[in-house]
Amino acid sequence: MAKGSLSIEKGIDEGTFIPITIINGAKSGPVLTLVAGIHGTEYVPIITAQKLVKEITPDELSGTLIIVHIANIPAFSSRSDYSSPIDYKNLNRIFPGKIDGTVSERIAFTLSNEIMSKSDYYIDMHGGEFNERIIDYLYFYYGCPDGDLCKKSYQLAHAMGNKYLFPDKYNSVPDSLPSGYSDLEAFRRGVASITLEWGDQGAVKPEEIDKALKGIKNVMKTIGMLEGKPFINENPVYLINEKLVNSNYDGILFTFVDRAQYITKGTLIGYTTDYWGNVLEEYHSPISGIVVVVKICPSINKGESVFRIAEPVDEYKE
């Protein structure tokens, strides 16, 4: 077991570092990478990663476990949610990054070339920010040119234990465009990957940590890194046709619904006022479905997503 950091050298702006732990097992096996802290206030994955290090020993491990404890130290240190306080960029929108770019781009470049390139499996671990109520869900890819890679992505998704699963069509981002997302960048490098969400409002609850640890260990059993019989999530709720409801104004937000609530198309789910209390716009659900994410902070800005709603189905068609 080795603990250390990857250095992000100073460039056109200030530098930073990425704290990591590597556990090299006594027996051969795959390389699994877990990444936490791509966004600054998603704490459940960060605490889960710390606890996992204390519960996995090299003697019981087949293969190698790479843990990125906090990918985005600038955002974490400043308690910034989506963007870095240095370059104001969202790390999970700029992969594969640039070696000579801003600090977030250099972090993305380092993760892509120093971490992903050495991995067989990759899990990007997220959670609800301070201003979000979210369900525990994950994304996995289907419809890939490499069927084996898609099969492994499916395997990861159904081993985690999250109730809600989003099947994500591989070519939803054309190959001619940058990956943007960390899991897609890993996938394009031939690494089976998923992205998941645990917890909400930045809260760290013991039951969320326990659920996350159970899921990760089950993944490790599933891919042969730990001994023991794995479970399979045989009856997940698949979510499709996700719709975002965005704000058209700066103002003060009021919402009427909560995460996991089922609502019908056309339902009034919230509104925004100006700073004097005059209603600027009302929000109505564009579809019948489950509330995946709802923003709860009264401060809202033009163009920001207020709600994410998706249709629940028992199965999906590739």
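**Briefing: charge, fold and cores of a predicted model**

The mean positions of the 31 positive and 41 negative charges of the protein chain lie 3 Å apart, with Lys and Arg counted as positive, Asp and Glu as negative, and His and the chain ends not counted. Each charge is placed at NZ of Lys, CZ of Arg, CG of Asp or CD of Glu. The model is predicted: local features need pLDDT of at least 70, side-chain atom pairs count only at pLDDT 80 or more, and totals for chains, interfaces and linings use all residues. Residues are numbered from 1 along each chain as its sequence is written, and side-chain values use heavy atoms, leaving out hydrogens and water.

**Overall form**
- The radius of gyration of the protein chain, taken over C-alpha atoms, is 20 Å, which agrees with the value near 20 Å for a compact globule of 318 residues; the globule rule is 2.2 Å times the number of residues to the power 0.38.
- Along the principal axes, the C-alpha atoms fill a box of roughly 65 × 50 × 40 Å.

**Burial and contacts**
- Of the 318 residues in the protein chain, 54% are buried (under 20% relative accessible area, 1.4 Å probe, protein chains only).
- Among contacts (heavy atoms within 4.5 Å) with a separation of 6 or more, 73% join residues 24 or more positions apart.

**Nonpolar cores**
- The largest nonpolar core has 50 residues; such a core is a set of buried Ala, Val, Leu, Ile, Met, Phe, Trp, Tyr and Cys residues joined through side-chain atoms within 4.5 Å.
- A second, separate core of 22 residues includes Leu6, Ile107, Leu111 and Ile115.
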